[in-house]
Every structure is written in C-alpha cells, then in structure tokens.
Amino acid sequence: MSARTYFIRTYGCQMNEHDSERAAGVLETMGYRPAPDAESAGLVLLNTCAIRENADNKLYGQLSHLKPLKLADPSKTIVVGGCLAQKDQDKLAEKAPYVDVVYGTHNMGRLPELLAQADSAALPVVEILEHTQMFPSALPSMREVRHHAWVSISIGCDNTCAFCIVPSLRGPEKSRKLGDIVSEARELVADGVTEITLLGQNVNSYGRDLVRAGEVPAEFADGSRNRTLFAELLHMLGDVDGLDRIRFTSPHPKDFTSDVFAAMRDVPTVMEQLHLPLQAGSDRILKLMQRSYRSRRFLDLVAEARDTIPGLAISTDIIVGFPGETEEDFQATLDVTEQARFDSAFTFKYSKRPGTTAVDLPDHVEQHVMDERFIRLAELTKRLSAESHARQVGTVQEVVVEGPSKTDDSRLSGRTRHNRLVHFPVVEGLASGARANVAVTDAAAHYLLGEVTDADVTPAVPTPGPATAIA
C-alpha cells in the first residue's frame, strides 16, 4: 500500500459525482495518485448521500469493511464527506471513531488543512460549516471522462419539499455569476471537453438570488431581453466554440418558463432532453409533498415542451408510497404517467428521513402495499420507455462514444442527443468522446442497438405528448 494514493467511492446524485471529481483534483494537487481499490489505497474518501435511508446502510457497511484495514495499518487515512457527513457528524464520530476526517457539504476546499490536522490529532477531525466558502467548481478537478464535465451553476435549494433533506444540508440557493460559468466552460473546452452538464439542486431557478442582490450584468439588468437568467445562460453557453453538447439537471416544474423551452429549441448545442420530476400525479399528495404545482400544470408543461422542442425526450422522478397515499392517489400517478408518456423514469419507494416534514405525517403506507404499487408503476414506465425506444428503430442518430459496453466487450456504448443509451459493434478508431452516426436496428426498454453508418442523421421520432394541455 502506498501512503500517497487515494480511492474515492461516490454515493448519490450527479452533484456528488461533481464533488468527487473536485475532491480528486484537490488530492492530486497534494501529490496523491489514484488507486484501483480501497484495499490498496493509502487514503479512502467516501463521498456520501443522505437522500434515502439505504444511503446510511451503505455508508456504515462500507466503514465496517474498512475498519479491519485501518486496524491492520493505522497509517491508512479514512475520510467521510458530503451530505450524510453533514447530517451525522456526531453519529459518525461515535460509530466509527477510526475515521480520520469528517467534513460537510460546504468545506471540501479545506481538505488539505483537515488532512494535515488528522496527522497529529488523536480523535477524528470533524469540520462542518453552515455556509459555503467557495463553489466546488472553483477547485481543481480530476475527471474520469475526458470529453464530459459537470459544471455547477448553483448550490443549495430554497424549496421545502416534504420528502427532501437536501436544503437543510446544502443550505439556501446560491448562484454563480454568469461570466464565471462561461469562463469555466471555455477552460473546459480548452482541456478537451466537448459536453457539459449544468448542475444545481434547482437548476432552472438559477440567478434569481443574483437579481435580488443586484449582481446581474448590466446588459441584462433592465430585462429588455425578456429572458430569465437561466435562458440567458443557455444562449451564452451556446456561443462557446468547441462546446458541442449542453445538458442540465435537475429542474423544478414550478420554475419552468417558455423562454427556457425556446432556448432548448433555438440553441443547437442544447440537447433535446428534459428531466421533469413529477414525484406524484395526485394533487392531494403533491400538496402534502409541498410541491407547488398540480397535475394540470405539469401536463401543460409536458405539452408545451413537446410542442416547442422537436423530438424531445422527457425523463422524470416518481415517488411511490408517500405518507397518506391511497389507492386512488396512486391511480392518479399512473394516469398522469400514462398521459405524459415519459421516455424514461426513475422510480423510488418513499424513504423516511429524519429532519424532513414528511416523517411526521400520519398514515404511512405499509411496506407490502408500497412494494406492490412500485411493481405496477415500474411495469408502466418500462412499457412507455420500450415504446419510446421502438419508435427510433430505422432512424440514424448522432452518438457520442462513452467507451466499451459494460456487458459485452465486442460492443461500444454511447449516448444520443436525447440521452438514449446505444450499443453498437466496435469500430476501430472510435474512442471515448468520438462522434458517430448510428443506424438504430433494434430497441429494448433501456437501450437501443445499432450499427455505425455513413448515412446522414435523421430526426428522432417524437413521443406523443398529451393530446392537448388540460383545460
């Protein structure tokens, strides 16, 4: 084992993946180099998530695995950072006193100082700040994929969704300045990046705090362009030479405006892909969730988005078994899902999280009921996804290569503009980040199959939206 090697295990969302890249960048500047696994690394960093209950189980299970390694070699450094560290700082020190450093969501940039303290401290070094000192994107980065980068445009969240603990862990929403984001995009392109994903806990409310604070660039301050700052940002990034693909996640339905849909249509480098979290189709449950939209408004947005952006693919998040959910409420979720015809969906069983308002609501759904509903929803979303993919058979899609298939080394895998996963036979010379035209020959629920072709790209076959916006 080398004392100057590191291994990072990431749990949770894209924001955590972004944070891990920054943590790796900080460690690299300190002279550390990556190790293939936790066993051989001199430093192990667990970047944690607190969204769901099993996140706790995964972390403490991993720490139990690391304990004998630490006892066998006390020089091994164990670091726990991120959302769960922010929430469980005292519990971590009590349950895993062999951990060297615990840091929260706001002070990743302090990692060198914390590691230096751990060299001489007898107890775990714990530092949890309540406010962000710098954006993670201001730190050096070590990307696993050369052609793609995460770009944080805001941190924190001002929403109060009853099921979510993130606002209490990452704090109120704070936006980066427009110029800083565009400058980072240019620097990334110079470093070989051709695709970026914009990140925020509520990405499409970007810039509202800048407006309130009077920190908007002069050319946008008078509102003469009649566009939100998020729409302005998409247009500005569309002018960055060499940046071929722009995606963003995660937005909130309540904050979508027509100018953002127009920007997705008019800026060629913004992909025809939209993540639009539904969470529930029952208006009563949406109210209990403290989601400030209702099913009618949501389907209106789906209709407008599909009408505005040709070939748009829409993904979503849906929670099953929220406290108080009846069979009638669940049926409403199935109905809205069917009407929206989501191209893909991430489905979750409700998870109790101490510190959220939902945990104190009455009428928690029994596990066996939740399990049965989850299966029914999964069957529906799988069918809708399979239908969406089947429509693409016979088209030619532009694909960016991600690398070899994880299950078949005779194939490469890549993503279309619409974020559909495509597998196709290996072609010599096609490396990660390369673009290829792929003729779609077959489809399954979660991927497409195809072959590289010299034929021109053809439009994706659109998914029908709601026949009309609900009156």
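Contact on this tour means heavy atoms within 4.5 Å. This is a predicted model, where local features need pLDDT of at least 70, side-chain atom pairs count only at pLDDT 80 or more, and totals for chains, interfaces and linings use all residues. Residues are numbered from 1 along each chain as its sequence is written, and side-chain values use heavy atoms, with hydrogens and water left out.

**Stop 1: the cores**

Select Leu198. Leaving aside neighbours within four places in sequence, Leu198 is in contact with Val151, Ile153, Val203, Phe230, Leu233, Leu234, Leu237, Ile246, Arg247, Phe248 and Thr249. Now widen the view to the nonpolar core around it. A nonpolar core is a set of buried Ala, Val, Leu, Ile, Met, Phe, Trp, Tyr and Cys residues joined through side-chain atoms within 4.5 Å. Buried means under 20% relative accessible area, exposed means over 50%, and partly exposed lies in between, with a 1.4 Å probe and protein chains only.

The largest nonpolar core has 68 residues. Leu198, Phe230, Leu233 and Leu274 have the most contacts inside it. Which helix gives this core its largest share? Colour helix α10 (residues 229-238), which supplies six residues. Helices are DSSP runs of H or I with at least four residues, strands are runs of E with at least two, and both are numbered from the N terminus.

Then pick Leu66, Leu84, Ala85 and Ile165. They are among the 26 residues of a second, separate core.

**Stop 2: α11 against α13**

Show helix α11 (residues 258-266) and helix α13 (residues 295-308). They pack at about 30°, with axes 9 Å apart. Axes are lines fitted to C-alpha atoms, for helices over the stretch in contact, and angles run from 0 to 180 degrees between N-to-C directions. Angles under 35 degrees count as roughly parallel, over 145 as roughly antiparallel, 65 to 115 as roughly perpendicular and the rest as oblique. α11 and α13 are therefore roughly parallel to each other.

The crossing of α11 and α13 is right-handed. A crossing is right-handed if the near helix is turned clockwise from the far one by less than a right angle, and left-handed if anticlockwise. Show side chains next. On α11 the contact uses Ser258, Phe261, Ala262 and Arg265; on α13 it uses Leu301, Glu304, Ala305 and Thr308. Four residues of this contact are nonpolar, two polar and two charged. Ala, Val, Leu, Ile, Met, Phe, Trp, Tyr, Cys and Pro count as nonpolar, Asp, Glu, Lys and Arg as charged, and the others, Gly among them, as polar.

**Stop 3: α13 against α14**

Ser295, Phe298, Leu299, Val302 and Arg306 of α13 meet Val336, Gln339 and Ala340 of α14. The contact divides into five nonpolar, two polar and one charged.

**Stop 4: backbone details**

Select Thr249 and Ser250. The peptide bond from Thr249 to Ser250 is cis, with omega near -5°. Ser250 sits in the loop between β11 (245-249) and α11. Most residues other than glycine have a negative phi, and most peptide bonds are trans.

Go on to Gln279, in the loop between β12 (273-275) and α12 (283-288). Its phi is positive, near 70°. Is Gln279 buried or exposed? Gln279 is buried, at 8% relative accessible area. Gln290, in the loop between α12 and α13, has a phi near 65°. Gln290 counts as partly exposed, at 36% relative accessibility.

**Stop 5**

Pick Lys70 in helix α2 (residues 53-72). Lys70 is buried, with a relative accessible area of 10%. Not counting residues up to four places away in sequence, Lys70 touches Lys76, Thr77, Ile78, Tyr98 and Asp100.

Jump to Tyr350, in the loop between β14 (344-349) and α15 (367-390). Tyr350 is buried, with a relative accessible area of 10%. The C-alpha atoms of Tyr350 and Phe322 are 5.4 Å apart, across 28 residues of chain.

Finish at Val452 in strand β19 (residues 448-452). Val452 is partly exposed, with a relative accessible area of 35%. Its contacts, leaving aside neighbours within four places in sequence, are Phe424, Val427, Leu430, Ala436, Asn437 and Val438.
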